[in-house]
Amino acid sequence: MKKLIFIFVVLFGWTGSSDCVTAAEKYTIAVAEIMQETNSFSPVLTTREDFKAWALHFGDEILPIARDLDLEIDGFLEAVDELGKGDITVVPIIKARSMSGGPVQRPVYEEFKQTLINGLKKAGRVDGIYLALHGAMGVDGLRDPEGDLIKAARSVVGASVPIGISHDLHANLTRERVQQATFIVGYKTNPHRDHAEVGYRVGEILVKTVRGEVKPVMAFNKMKLLKGGGMTVDLLSPMRSIFSRMEDMIDDSETVLDASNFMVHIWLDDQELGWSTIVVTNNDPALAQKLADELADLDWSVRHVLPPAGETPSAAIAIARDKWLRRKLGTVVFCDVADAVGAGAPGESTWILKSLLEEGADLKSYLTIRDKEAAGIAWNYDIGDQVSLSVGGKLDKVYNRPLDFSGELIHKSEERLGKTVILRHKGIHLILTELSDSLADPGYFPDLGLSLWKADIVVVKNLFPFRYRYLLYNRKTVNVVTPGTTGIDVSRLEYSKISRPLYPLDDNPSWR
Ligand SMILES: [Zn+2]
């Protein structure tokens with residue numbers, strides 16, 4: 001049977017010329033960002049247009065844009081400015097970032113990879129590389145694209161050049177990446193708010209490495225653990241104390257350079273899917289391994305704490321109906337957990353709409369379904385017309401179903417999400433859009449003429465950001481659980497590639 005315990009202590013050599021570096025010598029660090037989070041269960045592939053909609057820039061145009069974004073490259077540049085002593089030249093190659101979604105189209109990925117290779121070759125002498133990668137990207141027909149990218153960079157520059165990687169906390173670490181990279185640093189917040197700090201950390205370690213001031217070594221644990229959902233928030237029990245211990249491991253004396261706990265994007269179907277821990281020390285592999293083991297033990301000790309169960313659509317509607325006063329003072333927000341566009345779902349689930357039609361039509365509700373075909377048909381009607389359509393369930397046919405809906409057309413506009421129409425049936429306001437969105441920005445509704453103060457129920461398609469962005473209006477959050485491509489019950493997801501045993505699917509005795 002395939003061995004499932006992967007513990008690596010990876011030692012990389014000194015950067016070649018560090019012993020004879022002089023203060024006047026200049027260094028070059030190449031930087032590239034390729035970030036997308038893949039939901040393997042989504043049938044909607046991520047295109048070049050999806051990257052262009054968020055960020056797709058090349059070469060010299062990258063730095064002025066990145067400086068204002070408070071993301072990874074911004075933090076990295078700050079570290080170079082503060083610690084590089086004017087000796088570091090940054091060579092930007094590519095910045096590609098997209099909303100979460102289905103796997104990236106293979107030709108799009110190959111273009112990005114070739115751009116990285118060409119950029120590194122063109123840069124001439126490279127003393128270090130920073131790759132800002134999500135860590136849970138999938139590509140149609142290729143597994144572990146981040147490992148493939150790091151390997152490609154390594155093949156250009158050779159074994160002695162340090163390659164620093166930053167990853168999202170939901171990255172799925174692989175053996176290949178740990179073998180090819182010099183060190184890997186992850187976000188330390190969930191919901192994520194430390195992108196720039198993580199970029200700074202990579203910059204700090206890389207600058208000191210190319211200058212010969214530190215020698216990063218990395219210890220890595222792959223765990224037989226697969227959990228997601230609400231129990232991984234850094235501010236809340238049970239993970240709060242583990243995040244705190246992780247931060248305490250990192251010291252200022254340059255012994256422990258970084259420590260990361262990767263809790264994995266559970267919707268990436270991959271043979272190495274599972275939580276990981278990584279600790280980077282200054283040339284102390286035994287200490288790195290000891291601390292990486294401690295983090296994994298802490299994670300394992302709270303494995304029984306499950307994410308909040310959530311409510312069925314029917315129970316959720318009953319809760320909203322019961323909260324009369326809260327509805328009058330604001331609204332009740334339904335988190336459509338299993339159709340979370342923010343985690344890569346298509347955004348076309350009909351399960352909540354079905355229940356609203358059956359038992360909640362009297363309540364005033366705003367619900368969005370991405371359906372290009374239905375939005376296009378409704379677009380041809382006039383305001384005030386009665387429109388009957390089959391909506392949703394056209395992309396994901398495994399967990400979702402189309403639903404018949406009839407309503408009065410009350411709004412038409414060409415928005416950020418393409419043709420957008422609103423059909424009203426009693427209190428139900430069904431918003432049909434051509435493109436999907438996580439609805440993390442509450443301003444979306446007023447832009448369509450819908451007041452959040454007047455709604456009883458508002459349905460959103462992201463798992464975390466709405467919890468603080470909707471605070472002004474939200475009087476009660478209800479997590480609504482249905483079948484879907486971002487369901488948090490891993491026993492209901494149709495994995496075909498993961499390796500077993502894996503807790504909680506199997507009751508394995510240890511994370512090792
Ligand atoms: Zn994440």
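Predicted model: local features only at pLDDT ≥ 70, side-chain atom pairs only at ≥ 80, totals over all residues.
Colleague: How are α3 and α7 oriented to each other?

Modeller: The two axes come within 6 Å and cross at roughly 40°. In handedness, α3 passes α7 in a right-handed crossing. Angles under 35 degrees would count as roughly parallel, and those from 65 to 115 as roughly perpendicular. The relation of α3 and α7 is therefore oblique.

Colleague: Which strands form the edges of the open sheet?

Modeller: The sheet has 6 strands with mixed pairing, in the order β3-β4-β2-β5-β6-β7. Its neighbouring strands are turned by 20° against each other on average, direction ignored. An edge strand pairs on one side only, and this applies to β3 (55-58) and β7 (183-186).

Colleague: Which residue in β7 stands opposite Ile 165?

Modeller: Strand β6 comprises residues 163-167 and runs parallel to β7, to which 4 bridges join it. Across this pairing, the residue of β7 opposite Ile 165 is Ile 184.

Colleague: What angle does the direction of α7 make with that of β5?

Modeller: Helix α7 packs on the sheet and touches β2 (27-35), β4 (88-97), β5 (128-133), β6 and β7. Relative to β5, the direction of α7 makes an angle of about 165°.

Colleague: How many residues does domain 2 give to the contact with domain 1?

Modeller: Domain 1 spans 6-13 + 25-301, and domain 2 spans 313-487. Their C-alpha centres lie 35 Å apart. The side of domain 1 that touches domain 2 has 5 nonpolar, 6 polar and 1 charged residues. Domain 1 supplies 12 residues to the contact, and the number from domain 2 is 11.

Colleague: Where is Pro 238 located?

Modeller: Pro 238 is joined to Ser 237 by a cis peptide bond, with omega about 10°. The location of Pro 238 is the loop between β8 (216-222) and α8 (240-249).

Colleague: In which loop is Asn 283 found?

Modeller: Asn 283 is a residue other than glycine with a positive phi, near 60°. Asn 283 belongs to the loop between β10 (276-282) and α9 (285-301).

Notes: Residues numbered from 1 in each chain as written. Axes fitted to C-alpha atoms, helices over the stretch in contact; angles between N-to-C directions. Helix = DSSP H or I, 4+ residues; strand = E, 2+ residues; numbered from the N terminus. Parallel < 35°, antiparallel > 145°, perpendicular 65-115°, else oblique. Left-handed = near helix turned anticlockwise from the far one by under 90°. Pairing = 2+ DSSP bridges. Contact = placed C-beta atoms within 7 Å. Domains from an automatic or database assignment. Nonpolar A, V, L, I, M, F, W, Y, C, P; charged D, E, K, R; others polar.
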